Amino acid sequence: MKKLLFKIGTLRLMIGVSALIFFSVSSVRHVIFDTSAFDLGIYDQVVYLISQGQPPISSFLGFHHLGNHAAFSVYPLGLLYKIYPDVHWLFAVQAVALALGAWPTRSLALQAGLKPSQALAIAAVYLLYPVVSNVNLFDFHPEVMALPVLLGAILAARLNRVGWFTVAIIFVLGCKDVISLTVAAMGFWLLVFEKKRRCGAIALVLSITWFIVVTQIIIPSFSGTEPAAVSRYGYLGHSVPEIAKNLLLKPGLILETINVRGSSRYLFQVFVPVIWGLLPQHLTPLIGALPTLTLNILSVNPEQRNIGVQYTLPVIPFLVVAVISTLASGQGWLRNSRLIILWSLLCFFALTNYKHFWTSYPTNLNTWQAKREALALIQPQGGVLTANRLAPHLTHRPLVKLVFSETPTADVVHASTVNMADIDYVLLDAAHSGWLMTKEYAANLAAQFKKNESFQLSYERDEIYLFIKKSKLNS
């Protein structure tokens with residue numbers, strides 16, 4: 001009994017330390033101006049507007065929040081912003097959600113019959129899985145909240161807790177539209193291979209119904225267009241039904257377009273951290289991962305095959321369950337807990353993005369003071385035109401727009417046009433190139449605003465420029 005309590009205490013310590021590390025590094029990244037409008041700025045603005053009782057319309061996207069993945073699970077976050085509106089709430093929620101995934105992971109391992117030491121090692125494998133840390137370093141995304149709940153849903157199904165399973169599935173579906181495909185695949189796995197007929201049927205019915213409603217009604221109604229990611233599969237069609245049809249009837253289109261080298265590298269990075277625990281006879285849990293892996297491989301956007309971003313997140317629960325199944329059968333290339341953790345550590349250091357703290361992140365520090373001083377001159381009211389990495393520091397207002405030197409792709413930006421009549425502040429960074437923005441373009445734009453009779457240069461230091469509309473200065 002004492003040994004079990006010690007293991008539980010160790011798990012709590014692991015979760016607490018991991019959450020603290022996750023929160024700290026994401027906060028530091030924000031402080032040094034390496035977060036971005038897509039997606040931290042989008043969600044910070046939306047949650048702020050929800051907390052203020054205003055329509056949650058993202059000025060970056062140009063439409064209501066529900067038109068962006070129909071992520072209704074974001075709405076409760078507005079309660080946190082009512083206490084105090086600060087972007088660090090999002091970092092805290094993300095850190096806690098990612099770290100908490102270790103709890104149901106350990107419970108699933110114990111439920112499968114693993115020894116307490118092995119179960120604790122599997123929790124460590126989860127926390128050290130590179131995608132978990134990488135997602136934490138890539139702004140904020142609602143699907144991080146789905147990760148521990150999805151693991152909890154699998155545990156609830158195995159324990160025949162149908163009510164808890166249903167509540168969990170509803171929450172997961174509200175984190176992102178496309179995750180409904182993951183839930184549907186999980187439902188099939190539970191129904192056919194786990195013999196959890198009630199939970200499997202509930203997951204299938206809810207996910208398929210939600211996918212149809214969200215892609216054919218909710219998103220088009222709130223955004224005025226197809227789901228944003230549809231354009232990433234344009235070679236298969238221009239709508240969700242057309243893509244589904246061509247996937248079945250025209251497989252040749254896939255063979256002509258698929259990036260074999262990039263996809264092979266991506267799959268290697270996904271599986272190598274747990275390759276020691278993946279055996280053919282224990283791979284049925286990976287049925288739940290198939291929609292995510294398939295979508296990422298088929299996409300023309302290479303970012304979906306980048307484990308440094310959020311697109312691989314729904315794969316993790318099913319990798320964990322597959323590894324647990326292997327160990328529970330007494331198999332696996334590695335069965336010693338210490339060796340398992342050692343392998344996870346090696347993969348963590350090889351595949352996580354923490355190296356950016358001493359490589360790319362320090363390049364932002366030479367203008368750090370200038371950016372802070374310029375931001376301090378911008379009042380809470382008034383529209384702002386600025387660069388991608390400055391935008392998340394200005395999103396507690398209804399209107400923030402991005403300036404680009406390149407034309408954004410349709411699946412990323414829907415509202416790139418700017419009405420200068422609504423803009424009171426223009427904050428430019430000509431010291432660094434950024435997403436869709438060159439230093440040269442920012443410098444030329446600054447020169448143009450210096451000649452603009454409607455704006456006055458109010459701050460200039462280290463190639464950071466702040467222009468304020470003269471009518472705003474005089475008011």
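**Salt bridges and a nonpolar patch**

User: Arg-29, buried or exposed?
Analyst: Arg-29 is buried, at a relative accessible area of 5%. Buried means under 20%, exposed over 50%, and partly exposed in between, with a 1.4 Å probe and protein chains only.

User: What are these numbers based on?
Analyst: This is a predicted model, where local features need pLDDT of at least 70 and side-chain atom pairs count only at pLDDT 80 or more, while totals for chains, interfaces and linings use all residues. Residues are numbered from 1 along each chain as its sequence is written, and side-chain values use heavy atoms, leaving out hydrogens and water.

User: OK. Which residue does Arg-29 form a salt bridge with?
Analyst: Asp-139, with 2.9 Å between the closest N and O atoms. A salt bridge here is a side-chain nitrogen of Lys or Arg within 4 Å of a carboxyl oxygen of Asp or Glu.

User: Which parts does that pair tie together?
Analyst: Arg-29 lies in helix H1 (residues 2-31) and Asp-139 in the loop between helix H7 (130-136) and helix H8 (143-158), so the pair ties together parts 110 residues apart in sequence. Helices (H or I, at least four residues) and strands (E, at least two) are DSSP runs, numbered from the N terminus.

User: And Asp-139, buried or exposed?
Analyst: Asp-139 is buried, with a relative accessible area of 1%.

User: What does Arg-158 meet in a salt bridge?
Analyst: The side chain of Glu-194, at 3.0 Å, N to O. Arg-158 is in helix H8 and Glu-194 in the loop between helix H10 (179-192) and helix H11 (197-223), so this pair ties together parts 36 residues apart in sequence. Arg-158 counts as buried at 16% relative accessibility, whereas Glu-194 is partly exposed at 22%.

User: What about Lys-371?
Analyst: Lys-371 forms a salt bridge with Asp-429, with the closest N and O atoms 3.5 Å apart. The pair links distant parts of the chain, 58 residues apart: Lys-371 sits in helix H18 (residues 368-376) and Asp-429 in strand E5 (residues 423-429). Both Lys-371 and Asp-429 are buried.

User: Which residues do shared partners join into one network?
Analyst: Arg-29, Asp-34 and Asp-139.

User: How many salt bridges does the count come to?
Analyst: Eight by this rule.

User: Switching topic: which residues form the nonpolar patch on the surface?
Analyst: Leu-339, Leu-342, Trp-343 and Leu-346, with about 370 Å² of accessible area together. Patch members have over 30% relative accessible area and no salt bridge; nonpolar side chains (Val, Leu, Ile, Met, Phe, Trp, Tyr) are joined within 5 Å, like charges within 9 Å. The areas come from the Shrake-Rupley method with a 1.4 Å probe, and for residues only the protein chains shown count as cover.

User: Where does Leu-346 lie?
Analyst: In helix H17 (residues 337-351). Leu-346 is exposed, with a relative accessible area of 52%.
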